[in-house]
Amino acid sequence: MTDKKTRTLFIVPYLLWIILFVILPMLLILWYSLTDSSHHFTLNNFVQFFRNGIFLRMMLNSFWYAFLITLVTLLISYPAAYFLTRVKNSQIWLLLIILPTWINLLLKAYAFIGIFSNGGLFNQFLHLFGIGPVNFLFTDFAFIFVATYIEIPFMILPIYSAIKDINPAVVQASEDLGASRWQTFKYILWPLSWPGVESGIQAIFIPSLSLFMLTRLIGGNRVITLGTAIEEYFMTTMNWNMGATIGVVLIFLMVVVMLITGRKRRRKKVNL
Amino acid sequence: MNIIELKHVNKRYDDGFVALKDINLKIESGKFYSLLGPSGSGKSTILRIIAGFSQPTEGRVFFAGKDITDLDPAKRQINTVFQNYALFSHLNVFDNVAFGLKIKKRPLREIKPIVKDALKMVRLEGYANREISELSGGQQQRVAIARAIVNEPKVLLLDESLSALDKRLRKEMQFELRAIQKKLGITFIFVTHDQEEALSMSDEIFVLNNGRIEQNGSPIDIYDEPINDFVARFIGNSNILPGRMIKDYEVEFANQRFKCADAGMKANEKVEIVIRPEDLDITSPEKGKLVVTAQTQLFLGDHFEIKAVDADENEWLIHSTNGCKLNQRIGLYFDPEDIHVMRLHESQKDFNARLESYEDEEHDND
């Protein structure tokens, strides 16, 4: 019996953590979003959010950028992950891919400001061909480029391990049964590696919805997302209630994304 | 007609390992073949080359007379049942079996009856909507067979297909595989390291070792007339002793001369002789052709396995339905036909020619 008791004690630190830093803050955000500045209950924040076109545009903007970042990352990462499962020294390659994540995000952002600036590496390179200088910094392209660069490792790793778990004989079986390479990819490789793709999408799409540091530093405030809006409301205009409302909407969107990517495909039954 | 023929096939890997050395084999239509050998003998490599997953370094592969060496696996009328079945775990039984047909864009109303027949053939009626993870090993095995046969291959390749099953189920599947092959009337090529499996199912066996075919023939030929001590040891338990051919139909081993059924060798040629443990009968020391002392005895259910030693310290393995007393002199009796004489380093071609020469002679004498 004492054994069981000590075992339940092990959960206490994590339980405290999750209550203090996850559940309570979320309840607080919900509380703020449902009250006005004088702490009276109101749904006005939400009404404002959905009535005022600016917020909806920001929401669509966030979705659009998060979608673009996830898509570009996936297009780059899937072939790379597949390649990694086929090479000999995959461990070294993986290390190279993980390495950039050891560098501080802010540092990387500033490095890109240098690279993209008018006198930076990019424009020097273009200058060789007589082009430029082109203004890269503070463009959508720069924002998506840097965001993709930062997110790639988080997409490659889960896809890599999902593909690695696929028995190579399954691919051969598909070819053996007459499938072309494209058919094998479409009907076998892609569905079997989907769990990896799914966790990659969740790991990138959801945080990308609320990126704000990169939008400021690389997007130069031209890219306005829900993340930047939250910062604005909390830090600048001090309207915590509206900030919290945006936060609640974001949490809701994230749940929707998780439900969409995580849903089990229902299979129709056949009658023979 | 030969449905498959391998001519001078060699396989060398990049690291220098030679998996196959000058393999020549002919596979006839509608028969059950086994490629039998220890791991690393090259039997799976042959299968992969026939399926098209691996290219021979040298040599050609023919299918019904046509050279298919460079043909894509997808385009060969050959299907494979993989070692661990390689079923598509994200699809249910129906979709697994229907896969090959769906790839060929056959309409669903045509696919359904074909899949139904295939599932019936492997005795999995009513399993169409099951998930692969819900099936036992034996059932997965059957799905793998059904998935392969819906494509109506001319040749079905089975790569160690029963090795993952427990012993009882394996026995059951052996009967079933043989029955399915008979019903379909197509060629089965079965890769195994289990000699019992090969002997019980095959019309013809290829025994492989170190990337070479040591011997091929019917199970009875291979069991009764092993060409060399590798085959003799690999196929069943054997007593193998050095000996000397005195003249035709007389051989000397264990310091005694015996009548035997082999001929066509030089006088005084050094040979090896094989006597199967089940061909040795225990009798009294006076009646026995050989006298040995029994040392250990194991009861194996349907027979006793007895280890005995003769006066020259040669070990003898005896399978007997009755036990014997240990540490006592016993006689061993065997017929001349039970002695199998093997020449050292004889090729299969010479071996067959020699057997034919004196077997004809025997017939002439009749």
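This is a predicted model: local features need pLDDT of at least 70, side-chain atom pairs count only at pLDDT 80 or more; totals for chains, interfaces and linings use all residues.
Reader: How are two packed helices described?

Author: Two packed helices are described by the angle between their axes and the distance between the axes. In chain A, the axes of helix 8 (residues 140-164) and helix 10 come within 7 Å and cross at roughly 160°. Helix 8 of chain A and helix 10 of chain A are therefore roughly antiparallel to each other.

Reader: In which hand does helix 8 of chain A pass helix 10 of chain A?

Author: The crossing is right-handed. Helix 8 of chain A contributes residues including F154(A), M155(A), P158(A) and I159(A) to the contact, and helix 10 of chain A contributes residues including P195(A), G196(A), V197(A) and G200(A). By class, the residues of this contact divide into 11 nonpolar, 6 polar and 1 charged.

Reader: How many residues of chain A are in contact with chain B?

Author: On the chain A side there are 19, which are in contact with 23 residues of chain B. Helix 9 (168-176) and helix 10 (181-209) of chain A each supply at least two residues of that side. Helix 9 of chain A gives the most, with 6 residues. The side of chain A that touches chain B has 10 nonpolar, 5 polar and 4 charged residues.

Reader: What helices and strands are there in chain B?

Author: Chain B has 9 helices and 20 strands. Its C-alpha trace spans about 75 × 50 × 45 Å along the principal axes. Of the 366 residues of chain B, 40% count as buried. Among contacts in chain B with a separation of 6 or more, 65% are between residues 24 or more positions apart.

How values were computed:
Residues are numbered from 1 along each chain as its sequence is written. Chains are lettered from A and ligands numbered from 1 in the order in which they are written. Two residues are in contact if their C-beta atoms, placed from the backbone, lie within 7 Å. Helices (H or I, at least four residues) and strands (E, at least two) are DSSP runs, numbered from the N terminus. Ala, Val, Leu, Ile, Met, Phe, Trp, Tyr, Cys and Pro count as nonpolar, Asp, Glu, Lys and Arg as charged, and the others, Gly among them, as polar. Axes are lines fitted to C-alpha atoms, for helices over the stretch in contact, and angles run from 0 to 180 degrees between N-to-C directions. Angles under 35 degrees count as roughly parallel, over 145 as roughly antiparallel, 65 to 115 as roughly perpendicular and the rest as oblique. A crossing is left-handed if the near helix is turned anticlockwise from the far one by less than a right angle, and right-handed if clockwise. A residue is buried if 20 or more other C-beta atoms lie within 10 Å of its own, exposed if 12 or fewer, and partly exposed in between; C-beta atoms are placed from the backbone.
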